[in-house]
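I opened the notebook to look up how the parts of each chain sit against one another. Entries follow in the order in which I checked them.

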Amino acid sequence: MTDPQGFSRRKFLKGVGVSALAAGALQGAVPGQTKKDEKAAKEAKAVGPGPVPIELEINGERHQLEVEPRVTLIDALRNQLGITGAKKVCDRGVCGACSVLLDGRAAYACSILAISAQGRKIETVEGLSKQGRLSKLQQAFVRHDGAQCGFCTPGFVVASESLLRRRSRPSREEVLEGLGGNLCRCGTYKGVTQAVLEAGGEDQ
Amino acid sequence: MRDVEKAWPALSDSTYLGKRSPRPAGPDKVSGKAIFTADVNRPDLLHVKFTLNPHGRAEVRGIDVADAARMPGVVVAKPLVAAGDEVRYAGFEVAVVAAETEEIAREAARRVRVEYQPLPHNVEDRDPEGLGEWKNEGRARGEGDVEAGFAAADQVVEGRYGAPIITHCCFEPHGSVIEFRGPEQIDAWFSTQRISSIGGDLAKETGVDPARIHAVCEHLGSGYGSKFQFDVWDRECARIAQQTGRPVKVMLDRDHELMAAGSRPSAFADVKLGVKQDGTLTAWESRSWGSSGDSDRGSLRLPYVFTNGLPNRQQHTAIRTNTGPSRAWRGPGHPQMCLITMAALEDAAAALSLDPLDLFRKNLGLTGRPEVYAEELEIADRLMGWKRRWKPRGQGEGPVKTGLGLSMHTWGGRGHDSQCRVTLSSTGRVDVACGTQDMGMGSRSVLAVVAAETLGLPLDLIHVQLGDNRLPQSGASGGSTTTGGIATSTRTAAVDAANQLIRKAAPELGADPAECVLRDGEVLVANDSDRALSFGDACALIGQEPIVGNGRTDPELMTEGVGGVQMAEVKVDVETGVVEMVKLVAVQDCGTIVNLTTAESQVLGGCIMGISSALYEERIMDPVTGDCLNADLSRYRLAGIGDVGEIVVHMMQTDEHHGRGVIGVGEPPVISPMAAISNAVANAIGVRVPYVPLTPRAVLSALGGVK
């Protein structure tokens, strides 16, 4: 009853594409981790396919949960922990809507397995407003209307935060480059650029 | 007795109307607190995924869901087609599964076994030749004496132009969450552009009384025209929720979204344009074609904007392609008609060695609003430095050429039917409730600005509620109809509430209600500002029953019909074919502007979406299998933050425009970018790239004379 020419091969190839991309994105997002990851991979013992207990540190809080090893960080955050600020849009490491900070640097949560995010400091957009007060960057996003439908916005805020932590006063060119890993469909780029420049203290 | 006047205040008298203010939902959106339908999680939730047909067209020989159904964690696995059924596009749903987790559901959907017999299909729409059975040739139509028009022309200029099928690509996918609270009560969350009425579809599907369906869409990750329907995925979500008694969530995966959840029809045309040496247009003839997917319908109205009295003859052929169905895409039909028309005009100007700005000006008499366009062209000229910098085609030195291009557009934007309720309580709380939705255009801001303006209160004292079918009914958000509808229903509701409050307060002030006004947080006597009550003290007189002001769409406060001019500057590398956006100038009118900040954002967004379609977007189908080759965002490219260049928006906000009444502005700014950018590229490189997107390959092919 099956038609291998029809759907299985295509879906299989797609699957390969995803994991290859995921590995690339992870390395790209966190330079310097590659060797460690390789070493860890050699030492790691196989887990799964059933759910395994893990602990994640998110916005300074520890969360215990059980996930299948195939569950991505974005799905664990959104579906299991109810932390829904980061969004899932492309699920392929392209659009950046799922961005979170991993040890202070922006990373695509759709391209990282939840199990491999253990032991790392995860910050989501929710963690950027301390005691419910918007950060300077978030206030600048509001002031410059850097959100329309708002679905990509948390990813832009997180990517901007990552940029500003690396470079406190980015130039316009650095903002455009630093946010090159995020996409917006409604067209908020001008407001976003102005917001990041203002939060960074650069003259516009 | 003279009541609070409903007419909009003059720009010079207004506090918020037409001024800048931040959108009320901004803080929630930048902090991750805004809850979209995609964010709704319910206890004991089931996740739904679909098995999709991978063929352009096929007959289903058999379908077997047994393997999927056997998987631990799968609760429902159900075929949606049967042996003998024909499936007509890649991405069509052939089976549905519901499971305890998204991962299990996705894997189960893959394990559904379907045997197909592929059938002849068509995914070609760029060239109508040889498409015999796949096309439906429409009758020629037109008006005026075309022969006389061409006879009067000094030149007849011919060209081919077009735009392929693109997708809506909403970042929040289509989807819903449906939960039965017992057999006769439903809570539902939809990602929808019509929250007031979608519960009715759910009622029909489930047999539940519509009054016992609570439908919510607090925030909408946009729609662009693709989220009006109660779709097959909503239907299956509802059925599984009813069958299992558990809450069920469906959110389309990105490939499903790009293949099945909305696309914009393609449009191509061969155009003959008669023109005199001084640039006067004399006749238009076109043969156009395009595809709306698996449909033999579709039409184009050509020419565009320059329509009044230009003799024309045209014929359109609808091409049936085995691709996901089209849906209204921001400014339906207009971006395509605009590209075809404005490119033909620019080619005519080039053939006559005229500046296209002069040719456009020469023919403004053919447009519906010549004075507005003349004014907008002048402003755009100044902002772009067009007259100072424009050069005839292909005159740049070196491999990187600069070019300027121009376009004009139009839209209606008349407000839809809307109702609004403004409630004032004795504590001084102000609630504005409207069953509309905010998909990013700033509906909340419209409600808040109008209520604050009318009641003379600070913006942050207004509590706004929308996105709920229990609120006063409001129309679907499409065609730029929302702002006109909700601004005027809110205005009339707030005026009603204000008059009731004044009647309560006037005796305290020892004044006639007709003498009183609401201003700066006070109820006061207009000619004697010493006699005033604070808004809070006035509300304290209300008593147990709150004041309820009701309002409806008011035709006297709104109107329709906008123009708009855009000018693009590009750099094109003729060695690599890469087009770079340098600048886009957008001059836009929209009558009475409610919030200048969000109106400008709509224009900026339209420009950027338009740039994306001009340079990158195309849904690519495999002619052999009929499958979609770029159903993911790594291959369906969108413009990024570094791709759009400088964008300059000028909103027409004179007393005259302000005095027209409210008009929506969602669609107009997305119409012109393809045309303006295509014209700028032609100006830069000296030849027309016939079709968008203006990819390196398309640019190099045009330069090499490759058809």
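What distance separates the centres of domain 1 of chain B and domain 2 of chain B? I read 39 Å, taken over C-alpha atoms. I note that this is a predicted model.

Entry on chain B. I looked up the domain assignment and found domain 1 (26-33 + 415-557), domain 2 (38-120 + 176-251) and domain 3 (331-413 + 560-703). For the contact I listed 14 residues from domain 1 of chain B and 17 residues from domain 2 of chain B. I sorted the domain 1 side of that contact by class and got 2 nonpolar, 9 polar and 3 charged residues.

Entry on chain A, domains. Here the assignment gives domain 1 (21-27 + 46-126) and domain 2 (128-199). I found their C-alpha centres 21 Å apart. Domain 1 of chain A puts 15 residues into the contact, and domain 2 of chain A puts in 14 residues. On the domain 1 side, strand 3 (99-102) and strand 4 (105-108) each supply at least two residues. The largest share, 3 residues, is from strand 3 of chain A. By class I have 9 nonpolar, 4 polar and 2 charged residues on that side.

Entry on chain A, helices. I checked helix 4 (residues 136-143) against helix 5 (residues 153-166): their axes come within 10 Å and cross at roughly 130°. The crossing is right-handed. Helix 4 of chain A makes the contact with Leu137(A), Gln138(A) and Phe141(A), and helix 5 of chain A with Val157(A), Ser160(A), Glu161(A) and Leu164(A). I class these contact residues as 4 nonpolar, 2 polar and 1 charged.

Conventions
Residues numbered from 1 in each chain as written. Chains lettered and ligands numbered in written order. Predicted model: local features only at pLDDT ≥ 70, side-chain atom pairs only at ≥ 80, totals over all residues. Domains from an automatic or database assignment. Contact = placed C-beta atoms within 7 Å. Nonpolar A, V, L, I, M, F, W, Y, C, P; charged D, E, K, R; others polar. Axes fitted to C-alpha atoms, helices over the stretch in contact; angles between N-to-C directions. Helix = DSSP H or I, 4+ residues; strand = E, 2+ residues; numbered from the N terminus. Left-handed = near helix turned anticlockwise from the far one by under 90°.
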